[in-house]
Amino acid sequence: MKRALELAERAERLGEVPVGALITLKDEIIGEGFNNPITDHDPTAHAEIVAMRAAGQSLKNYRLVGATLYVTLEPCVMCMGAMSHARIERVVYGAPDPKRGAAGSALKLQDADFLNHRIEVHGGLLEMECGHQLRRFFREKR
């Protein structure tokens with residue numbers, strides 16, 4: 001998660017919401033990313049999606065079976081859906097997102113009956129650090 005926080009700092013330097021993500025498989029980082037929808041003019045360029053794209057290229061496969069995704073903020077609906085399609089095994093997030101979080105806060109998409117893949121979810125890893133980074137960013141924006 002410390003690496004994800006470093007990636008989030010890169011997003012913040014670009015003026016993006018500071019969210020960072022990385023994906024591991026067998027204790028090796030296979031993809032990483034940070035929020036950049038503004039910079040890339042791409043509404044799907046969330047940290048998780050960017051990391052999954054990188055991991056897919058690394059493995060030469062769109063399926064990321066057995067992989068763990070670490071992200072500083074609880075994933076949204078789009079990202080949880082993409083993780084399900086990619087067959088991510090586990091997601092570990094830092095700060096919860098009470099308004100838009102789809103991994104337990106606002107929704108529990110990992111338990112949706114209409115999805116044929118279940119993702120193991122763990123929240124709260126370095127929650128204070130991840131939450132502080134986001135709160136500071138938005139406080140400075142206001």
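Predicted model: local features only at pLDDT ≥ 70, side-chain atom pairs only at ≥ 80, totals over all residues.
Residues are numbered from 1 along each chain as its sequence is written. Local features were considered at pLDDT of at least 70 and side-chain atom pairs at pLDDT 80 or more, whereas totals for chains, interfaces and linings use all residues, and side-chain values rest on heavy atoms, with hydrogens and water left out.

Helix H1 (residues 2-13) packs with helix H5 (residues 127-141) at an angle of about 10°, and their axes lie 11 Å apart. H1 is therefore roughly parallel to H5, a term given to angles under 35 degrees. In this pairing, Leu-5, Ala-8, Glu-9 and Glu-12 of H1 meet Glu-129, Cys-130, Gln-133, Arg-136, Phe-137 and Glu-140 of H5, where contact means heavy atoms within 4.5 Å. By class, the contact of H1 with H5 comprises 4 nonpolar, 1 polar and 5 charged residues.

Most residues other than glycine have a negative phi. Lys-26, in the loop between strand S1 (20-25) and strand S2 (28-34), has a positive phi near 55°. Lys-26 counts as exposed because its relative accessibility is 79% (exposed is over 50% relative accessible area, buried under 20% and partly exposed in between, with a 1.4 Å probe and protein chains only). A positive phi near 55° is also found for Leu-126, which is located in the loop between strand S5 (120-123) and H5. With a relative accessible area of 22%, Leu-126 is partly exposed.

Definitions and conventions
Axes fitted to C-alpha atoms, helices over the stretch in contact; angles between N-to-C directions. Helix = DSSP H or I, 4+ residues; strand = E, 2+ residues; numbered from the N terminus. Parallel < 35°, antiparallel > 145°, perpendicular 65-115°, else oblique. Nonpolar A, V, L, I, M, F, W, Y, C, P; charged D, E, K, R; others polar.
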